[in-house]
Amino acid sequence: MAVYLLRRLLQSALVMLAMSVIVFIGVYAIGDPVEILISPDADQMERERAIKALGLDLPLWMQYLSFLGNALRGDLGRSFVFNEPALQLILQRMPATLELAFGAMFIALLIGLPLGLYAGLKPNSTGSKLVMAGSILGFSLPTFWVGLMLIMVFAVQLGWLPSTGRGPTVEVLGLRWSFLTWDGLRHLAMPALNLALFKISLVIRLTRAGVRETMLMDYVKFARAKGLSPARVTYVHVFKNILIPVVTVVGLELGSTIAFSVVTESVFAWPGMGKLIIDSINVLDRPVIVAYLMIIVLMFITINLLVDLAYSALDPRVRLENK
Amino acid sequence: MSQTQMQTTSMAATAAAPTLEVRDLQTHFFTRAGVVKAVDGVSFTVGRGKVLGLVGESGSGKTVTGFSILGLVDAPGRIVGGDILFHGQNLAKLKEEEMRQLRGNRIAMIFQDPMMTLNPVLRVDTQMIETVLAHTKVSKEEARQRARDTLGMVGIPSPDERLKSYPHQFSGGMRQRVAIAIALLHRPELIVADEPTTALDVTIQAQILAEVQKLCAETGTAMIWITHDLSVVAGLADDIAVMYAGRVVERGAVSEVLDQPLHPYTHGLIGSVPSRNKRGEKLRQIPGMTPSLLSLPPGCAFRTRCPRAQEDCARDPALSELMPGRLARCFHPHLAAQGSAVRGAAAEGNPA
């Protein structure tokens with residue numbers, strides 16, 4: 001186990017290094033931030049001073065090396081726009097995005113698993129056909145449109161939920177969270193549901209496919225031949241088997257939810273990382289873009305590792321030992 | 001102690017009656033392509049401590065018969081006729097919950113492929129203990145004790161450690177022993193074994209056969225051994241029922257049927273088994289293929305492949321007692337082979 005973890009960490013470091021090169025060169029290739037940052041009527045002297053101050057006069061490889069050196073010391077550069085450390089800027093926004101993403105995942109599992117189980121156990125019933133048809137809507141309706149509709153119905157027409165923003169926050173472990181207050185939860189409900197819609201459909205379909213496949217296995221019939229109650233067969237023998245693919249996919253989805261919740265954050269004016277990165281791209285705030293991408297890479301690596309660990313806990317045939 | 005006594009008295013009372021009597025069982029599958037009569041008139045009895053060999057080709061309805069007895073036939077299939085009398089109680093008419101209480105408790109089943117019958121993500125102890133707890137109110141510790149003892153009984157070394165293992169840590173033969181142990185947990189009165197040794201290699205097969213035979217004799221368990229392997233039946237079973245296209249075509253004591261088959265199909269089956277006495281000879285085979293259950297010919301289902309078929313075979317032959325204790329479903333059975341000279345030849349393994 002320890003050997004396995006060590007090897008995974010080493011692999012992760014290599015992935016991070018490779019990604020940093022790609023990200024740095026990629027960002028370097030798009031446009032010149034000086035054109036956007038410096039007012040058009042600045043003279044040549046001012047321009048050159050600014051370029052020098054931002055370190056943009058050095059050749060690419062030197063810029064990269066100095067970025068790398070700083071990054072190893074935990075410094076991912078200062079935002080051109082906010083003149084704050086990019087890392088700090090992103091971390092400030094992170095709790096908002098995290099609670100949105102986890103809220104969405106929670107809703108997806110809470111709704112998706114039971115519905116998928118039902119649709120899988122009774123594939124020919126009208127109810128399960130409705131569930132499956134509904135899941136197609138979840139897949140195909142565009143997020144921004146559903147978001148706007150939610151605001152129209154629940155905020156404007158019915159007035160049950162606030163339309164935008166994050167609501168009051170409570171500070172726990174030095175970070176500001178809103179899901180701990182009732183009003184914060186009310187603010188969280190709609191954006192989380194909007195973000196969850198696609199994932200609900202995904203979980204329903206995964207669960208249903210898993211149930212239908214597992215129900216045909218000999219070990220399910222054997223479990224019934226042992227005289228177990230139908231509930232025990234379903235919730236222990238079948239459920240534990242279908243959790244394996246669900247955990248894998250949901251884990252990987254969690255990463256992309258955190259990284260790309262941009263649309264939902266924009267629609268609901270949710271002050272998270274997604275909104276920050278869009279703003280930064282608009283003004284070519286290179287350090288923020290690079291720092292954001294590096295954090296996302298790190299996050300994906302971590303989530304993948306956790307998924308693998310969860311996978312081995314669920315499936316005894318997969319053991320993370322090197323023999 | 002008192003439990004054993006109770007068992008003996010209840011068994012003394014029912015000693016005369018068979019453990020299981022299946023009468024004209026019909027299990028049909030209602031598919032889009034039509035009604036598949038997988039089991040269409042199967043009758044047999046199994047007595048206490050006896051082994052019945054249920055023999056036939058793939059698709060002859062052996063397994064569906066087994067599932068019907070346990071009430072495990074899934075949609076689109078269902079039992080449409082006949083009685084399954086277990087100590088006089090008709091299982092075909094039982095409610096699902098009453099059936100569940102019998103399953104794994106008084107009637108157990110062993111499946112064909114041991115690689116598939118144990119749930120891969122649950123430990124062996126979980127899968128055994130839940131079976132104990134499904135039918136008796138004992139503490140988890142007692143249930144574990146019972147699981148351990150039963151594992152030891154079927155010849156699994158160091159059962160305490162093995163209980164904590166997952167199925168993939170066992171070999172195929174060991175897994176089948178675990179499955180057999182699970183079937184034996186409640187000392188059932190009837191075990192339906194669906195080709196339990198087919199997926200195992202020959203040495204393991206012999207070991208398991210010997211142990212099962214011993215267990216049956218010791219506990220008085222009746223057994224239905226479903227197989228297509230006549231040599232297994234010859235060594236293990238007391239009675240034999242030969243199935244073809246969903247029907248029992250011949251029934252009788254195993255030694256008599258194998259020595260002197262009455263039905264041409266049984267005859268063909270025995271002829272197609274390689275044997276030491278037939279070294280160098282060409283194996284005879286039954287011409288043609290098993291007919292599709294969707295389009296069975298009217299009358300005797302075997303007549304299209306039967307060397308003795310005549311015009312009257314277009315009518316349906318009934319399963320009738322052609323000789324004392326010998327039933328067959330045929331208008332033209334091999335009765336000519338009754339002469340003592342031919343019997344002698346048959347004893348040498350050359351039934352003709």
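**Asking how we know: a two-chain predicted model**

Me: Which residues does B:Val242 touch, not counting residues up to four places away in sequence?
Reply: B:Val242 touches B:Val55, B:Gly56, B:Val248, B:Val249, B:Glu250, B:His263, B:Tyr265, B:Thr266 and B:Leu269. Touching here is contact, which means that the C-beta atoms of two residues, placed from the backbone, lie within 7 Å.

Me: Where do the numbers and letters come from?
Reply: Residues are numbered from 1 along each chain as its sequence is written, and chains are lettered from A and ligands numbered from 1 in the order in which they are written. This is a predicted model, where local features need pLDDT of at least 70, side-chain atom pairs count only at pLDDT 80 or more, and totals for chains, interfaces and linings use all residues.

Me: What makes B:Val242 stand out in the largest nonpolar core?
Reply: Of the 158 residues in that core, B:Trp225 and B:Val242 touch the most other members. A nonpolar core is a set of buried Ala, Val, Leu, Ile, Met, Phe, Trp, Tyr and Cys residues joined through C-beta atoms within 7 Å. Helix 5 (residues 86-121) of chain A gives the largest share of this core, 16 residues.

Me: Why is strand 3 of chain B called largely enclosed?
Reply: A residue is buried if 20 or more other C-beta atoms lie within 10 Å of its own, exposed if 12 or fewer, and partly exposed in between, with C-beta atoms placed from the backbone. In strand 3 (residues 51-55) of chain B, 5 of the 5 residues are buried, so the strand is largely enclosed by the rest of the structure. In a regular strand the side chains alternate between the two faces of the sheet. Here B:Val51, B:Gly53 and B:Val55 are buried on one side, and B:Leu52 and B:Leu54 on the other.

Me: How do you know that strand 3 of chain B pairs with strand 8 of chain B?
Reply: Strands are DSSP runs of E, at least two residues long, and helices are runs of H or I, at least four, numbered from the N terminus. Two strands pair if DSSP finds at least two bridges between them. Strand 3 and strand 8 (residues 222-227) of chain B are joined by 5 bridges and run parallel, so they pair. One bridge partner is B:Ile224, for B:Leu52. Strand 9 (residues 239-244) of chain B is also parallel to strand 3, with 4 bridges, and B:Val55 stands opposite B:Val242 there.

Me: What makes residues 188-207 of chain A a "transmembrane region"?
Reply: The name comes from UniProt, in an unreviewed entry, which also lists 130-156 among the regions of chain A. UniProt positions use the numbering given here, feature names are shortened, and annotations may be inferred rather than shown by experiment. In the model, residues 188-207 are 100% helix, with end C-alpha atoms 26 Å apart. Residues 130-156 are 93% helix, and their end C-alpha atoms lie 29 Å apart.

Me: How many residues of chain A are in contact with chain B?
Reply: 20 residues of chain A are in contact with 24 residues of chain B. Helix 9 (218-225) and helix 10 (230-259) of chain A each give two or more residues to that side, and helix 9 gives the largest share, 7 residues.

Me: How many helices and strands does chain A have?
Reply: Chain A has 13 helices and 2 strands. Buried residues make up 33% of its 323 residues.
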